[in-house]
Amino acid sequence: MTVEFQSRSCPVCGSTDDSRVFAEKTLDDSTWKDLSFSSRKLPEYLVHRMVECPGCDVVYASPAPHEKVLEQAYRAAPFVSAEESAFAAETYRRLLRTLLASLNGRANALDVGASDGTFLQALLDEGFENVVGIEPAAASAEAAPESVRNRIRVEPFRRASLAGERFDLVTAFQTLEHVSDPVRVVRDAYELLEVGGAILVVVHNRRALLTRLVGRRSPILDVEHVQLFSPRSIRELLQRAGFEDIRVAGVTNRYPLRYWFKLAPLSAGLKSPLLARLEHSRIGSLPISLRPGNLVASGRRRAPSDPAVAT
Ligand SMILES: [Zn+2]
């Protein structure tokens, strides 16, 4: 199979200035074929050609695989770890709580990139009546517990397939890096929200100190990420979709030691034997809180302007 790569303009602001090369490409068609796509796997240090946008500060892959190639890769991606997914959901639930009081209602929530549905369960536990998950990877959805399994739709996120549905909350955790057109995703989310409804997203922060220190060895430089945000670019993304009351902040994550170790910028030769030892040890399970460089951003769907006020 030959992979179709295509040049892109900036996926946030549309700038066509691709002169600032952030990372040269280290993968080719043959290495691409062998990659397995999944969330939270071992970093592979293979990257697309990454460009830094002078307009909005996002870093993006160009050329990047065609959208249908990406969607195909995600459909077949294996599910990695229920334990890590549970820790991530706990972090996201904490972020959700800061937003709950200001929501108009808790009738309907949508989670884009729902994985094994752990966060859907958290939404139910927080009092949402109806929750829907969208997850392109069948294996992840199949790993969902019975209580939420039938709430996950195994498909790429498309507003058309949710026509007629409305949500008080749309969430997308570490999903916007993976899609060909992040503006379309947040615009679709905006259109699916009730007036006053909120979006809550988590993305990697390419401007985080830790990320900058480890440079090319950073686990966020990864073939799965076709864009990498910064505080400025994630804000711009939400603004372009029409959101108001936008807030952007850093995230503290809590994961087992072995997970942090998996992400550490060490060579595979050094890492694999140590990881194997941590895998089944008690110390490897120790939960550790770190601020590794994630951003949380939220925004609200504005009320339509009142014509009586406008005149
Ligand atoms: Zn841009």
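**Reading the model**

Reply: Just after helix α9, G242 has a positive phi of about 105 degrees; helices (H or I, at least four residues) and strands (E, at least two) are DSSP runs, numbered from the N terminus. This is a predicted model, in which local features need pLDDT of at least 70, side-chain atom pairs count only at pLDDT 80 or more, and totals for chains, interfaces and linings use all residues. Residues are numbered from 1 along each chain as its sequence is written, and side-chain values use heavy atoms, with hydrogens and water left out.

Me: Which residue has a positive phi although it is not a glycine, with a value of about 80 degrees?

Reply: Most residues other than glycine have a negative phi, and most peptide bonds are trans. Here D57 takes a positive phi of about 80 degrees, and its place is in the loop between β3 and β4. D57 is buried, at 7% relative accessible area; buried means under 20%, exposed over 50%, and partly exposed in between (1.4 Å probe, protein chains only). S115, in the loop between β6 and α4 (118–125), has a positive phi of about 50 degrees without being a glycine.

Me: Which residues does the cis peptide bond join?

Reply: The bond joins S62 and P63, with omega of about 0 degrees. P63 is found in the loop between β4 and β5 (64–65).

Me: Which residues coordinate the zinc ion, and at what distances?

Reply: Donors are N, O and S atoms within 2.8 Å of the metal (3.2 Å for Na, K and Ca); water is not among the atoms, so sites may look incomplete. The SG atoms of C10, C13, C53 and C56 coordinate the zinc ion at 2.3 to 2.4 Å. C10 lies in the loop between β1 (5–6) and β2 (21–23), and C56 in the loop between β3 (50–52) and β4 (59–61), 46 residues apart. Both C10 and C56 are buried.

Me: Why is strand β9 described as largely enclosed?

Reply: Seven of the seven residues of β9 (residues 167–173) are buried, so the strand is largely enclosed by the rest of the structure.

Me: How many bridges join β9 to β6, and how many join β9 to β10?

Reply: Two strands pair if DSSP finds at least two bridges between them. Four bridges join β6 (residues 108–112) to β9, and these strands run parallel; A109 has L169 as its bridge partner in β9. Six bridges join β9 to β10 (residues 193–204), also running parallel.
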